[in-house]
Amino acid sequence: MGQNPWNAEWEVTEPLVRLLLNRQFPQLSSLPIQEIGSGWDNTVYRIGEEYVFRFPRRAFAIPLLQTEAKILPKLANYITLPYAKPLFFGKESADYPAPFLGYTYLSGSFPIGLTDETRMQSAAALARFLKNLHAFPVDIAQQEGVAVDHRNLTDLAGRRDKMLDFLARLALHFTDAEMKEIADYLHGISLDRVMQRHILIHGDLHFKNMLVDETGKLSGIIDWGDVSIGHPACDLSIAYSFLPPASREGFFEAYGSVDEETKVLARLIAVYIPMLIFMQAIDDKDEAVAQEAKSIMKRAISI
């Protein structure tokens, strides 16, 4: 698929992490180090039992990490779910060209392969989490350097066309019935744009940035690198991507009033994000994540 946006500009290896800890946080230097994953923007290492560090993989991620370092401590009285709080603020150096952050480690696993019944038990907690986050004062967020979302989220027509192009490129990985279901959904969207709104949002709320406990109940929200001021539909997409249709009405009742065009945009984003994750999983040959992403697309479209 050519030059992909998730390709790293620099690799963050275990010896490099050990070097950076030795020089900047020597109190952690004797702890075991384990790589636990990487996203588009950051490589993540667990340090000992208590901490996790995120290291940017691309220059684009640096200002996002810097904003996150400033805003996350301000959210403590608003966030109703466990989230990783930054404790260590690493600086760029001759060894590594980017700042990096160390956080409290949150235990849990990604919500992969959960039943609808298991998902439903987290609906109220998700609604409460987003209702409180979206109530954070936008003026304070701006003072801390949080930028207005740059992704043109409200342009449904442009996103729909992009998704139809992605779908054509993914034809080998879908059955004809799956292709038709997604294409019919996309062609059925008549709304081209929604009114812009300015709310503090997580900005990247999907299954790889959520944690569940051993019972499958939501236990934490991670990776706030896309925190921004933008349309709440970006976060409300989780009602379609994570929750089954039977629990959506209860979710929106608990969250508060949501207009229909916001729901249309939220559902579209709920299909768009797993489509991107699916493309990366195919590239990475990660069958488990690819299957989960495909199932999310189907769930989001389901009414």
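How many of the 11 residues of helix 2 (residues 61–71) are buried? Eight are, so helix 2 is largely enclosed by the rest of the structure. The model discussed here is predicted.

Start with that helix. Its buried residues are Ala61, Ile62, Leu64, Leu65, Thr67, Glu68, Ala69 and Ile71. They pack against strand 2 (42–47) and strand 3 (51–56). They also pack against strand 4 (86–90), strand 5 (100–104) and helix 5 (138–143).

Side chains of opposite charge can pair when their charged atoms come close. This structure holds 15 salt bridges. Arginine 119 and glutamate 292 form one of them, with their closest N and O atoms 3.0 Å apart. Arginine 119 lies in helix 3 (residues 116–120) and glutamate 292 in helix 12, so the bridge ties together parts that are 173 residues apart in sequence. Both arginine 119 and glutamate 292 are buried.

Aspartate 192 and arginine 160 form another salt bridge, and here the closest N and O atoms are 3.4 Å apart. This pair, too, links distant parts of the chain. Aspartate 192 sits in the loop between helix 7 (176–187) and strand 6 (199–201). Arginine 160 belongs to helix 6, and the two residues are 32 apart. Aspartate 192 is partly exposed, at 42% relative accessible area. Arginine 160 is buried, at 13%.

Glutamate 178 and lysine 298 also meet through their side chains in a salt bridge, at 2.9 Å from N to O. Glutamate 178 is in helix 7 and lysine 298 in helix 12, 120 residues apart. Glutamate 178 is buried, with a relative accessible area of 12%. Lysine 298 has 35% relative accessibility and counts as partly exposed. Elsewhere, salt bridges with shared partners join Arg54, Glu68 and Asp223 into one network.

Now turn to the end of helix 11 (residues 260–284), where aspartate 284 is found. Aspartate 284 is partly exposed, with a relative accessible area of 46%. Together with Asp283, Asp286 and Glu287, Asp284 forms a negative surface patch. Lysine 285 lies in the loop between helix 11 and helix 12 (287–301). Its relative accessibility is 74%, so lysine 285 counts as exposed.

The backbone deserves a look here. Most residues other than glycine have a negative phi. Lysine 285 has a positive phi, near 60°. Asparagine 152 also has a positive phi, of about 55°, although it is not a glycine. Asparagine 152 lies in the loop between helix 5 and helix 6 (156–169). At 40% relative accessibility, this asparagine 152 is partly exposed.

One last stop is another loop. Serine 93 is placed between strand 4 and strand 5. Serine 93 is partly exposed, at 30% relative accessibility. Which residues does serine 93 touch, not counting those up to four places away in sequence? They are Leu20 and Gln24. Serine 93 and leucine 20 are 73 residues apart in sequence, yet their C-alpha atoms are 9.0 Å apart in space.

Note on methods:
Residues are numbered from 1 along each chain as its sequence is written. This is a predicted model: local features need pLDDT of at least 70, side-chain atom pairs count only at pLDDT 80 or more; totals for chains, interfaces and linings use all residues. Side-chain values use heavy atoms; hydrogens and water are left out. Patches are made of residues with over 30% relative accessible area and no salt bridge: like charges are joined within 9 Å, nonpolar side chains (Val, Leu, Ile, Met, Phe, Trp, Tyr) within 5 Å. Accessible areas come from the Shrake-Rupley method with a 1.4 Å probe; for residues, only the protein chains shown count as cover. A salt bridge is a side-chain nitrogen of Lys or Arg within 4 Å of a carboxyl oxygen of Asp or Glu. Lys and Arg count as positive and Asp and Glu as negative; His and the chain ends are not counted. The place of a charge is taken as NZ of Lys, CZ of Arg, CG of Asp or CD of Glu. Helices (H or I, at least four residues) and strands (E, at least two) are DSSP runs, numbered from the N terminus. Buried means under 20% relative accessible area, exposed over 50%, partly exposed in between (1.4 Å probe, protein chains only). Contact means heavy atoms within 4.5 Å.
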